[in-house]
Amino acid sequence: MLERVAVLSDIHGALPALEAVLAEPDVASADLVVLTGDLAAGPQPVETLDLLATLGDRARWVRGNADRELVEARAGVPSGIEVSDWGARQLRDDQVDRLAALPLTVTLPVA
């Protein structure tokens with residue numbers, strides 16, 4: 001059973017802030033990192049998703065509305081939000097596929 005869980009929300013492609021948070025001792029030592037959505041729509045979407053992917057099995061991803069907007073914009077349905085539409089064009093196909101497949105919720109056993 002999990003003892004220590006870090007929850008990260010609304011990263012919005014802010015790579016320097018994400019790097020700083022991941023370096024925090026409480027996050028670095030967590031058994032699991034839950035990513036609660038709105039991960040990449042921002043200034044560094046590709047790099048942010050690449051860094052999050054390095055967490056491997058230590059992370060659980062959940063889709064947020066901005067993640068959905070990136071996927072939709074990539075499929076040709078613009079969000080009307082400039083940074084989301086721009087971000088969608090930056091992402092690789094594997095990143096779009098990952099965002100599209102994210103669950104809307106996650107339930108975890110935590111002590």
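Residues are numbered from 1 along each chain as its sequence is written. Because the model is predicted, local features were required to have pLDDT of at least 70 and side-chain atom pairs pLDDT 80 or more, whereas totals for chains, interfaces and linings use all residues, and side-chain values rest on heavy atoms, with hydrogens and water left out.

According to UniProt, in an unreviewed entry, residues 4-73 carry the feature "domain: Calcineurin-like phosphoesterase"; such positions are given in the numbering used here, feature names are shortened, and annotations may be inferred rather than shown by experiment. The end C-alpha atoms of this span lie 36 Å apart, and the span is 44% helix and 16% strand, where helices (H or I, at least four residues) and strands (E, at least two) are DSSP runs numbered from the N terminus.

The loop between β1 (5-8) and α1 (15-23) contains H12, and D10 lies in the loop between these two elements as well. H12 counts as partly exposed because its relative accessibility is 29%, and D10 falls into this class at 44%; buried denotes under 20% relative accessible area, exposed over 50%, and partly exposed the range in between (1.4 Å probe, protein chains only). The side chains of H12 and D10 are joined by a polar contact of 3.4 Å, that is, a pair of N or O atoms within 3.5 Å; within protein, one must be able to donate a hydrogen and the other to accept it, and residues adjacent in sequence count only if both atoms are side-chain atoms.

Most residues other than glycine have a negative phi. In the model, however, phi is positive at D10, near 50°, and at H12, about 50°. Leaving aside residues up to four places away in sequence, H12 touches D38, L39, A40, A41, G42, P43 and A66, contact being defined as heavy atoms within 4.5 Å.

In helix α3 (residues 45-53), the buried residues are P45, V46, T48, L49 and L52. These residues lie on the same side of α3 because they cover an arc of only 165° around the axis, taken from the directions from the helix axis to the C-beta atoms. Their cover includes α1, β2 (32-35), β3 (59-61), α5 (82-90) and α6 (93-101).
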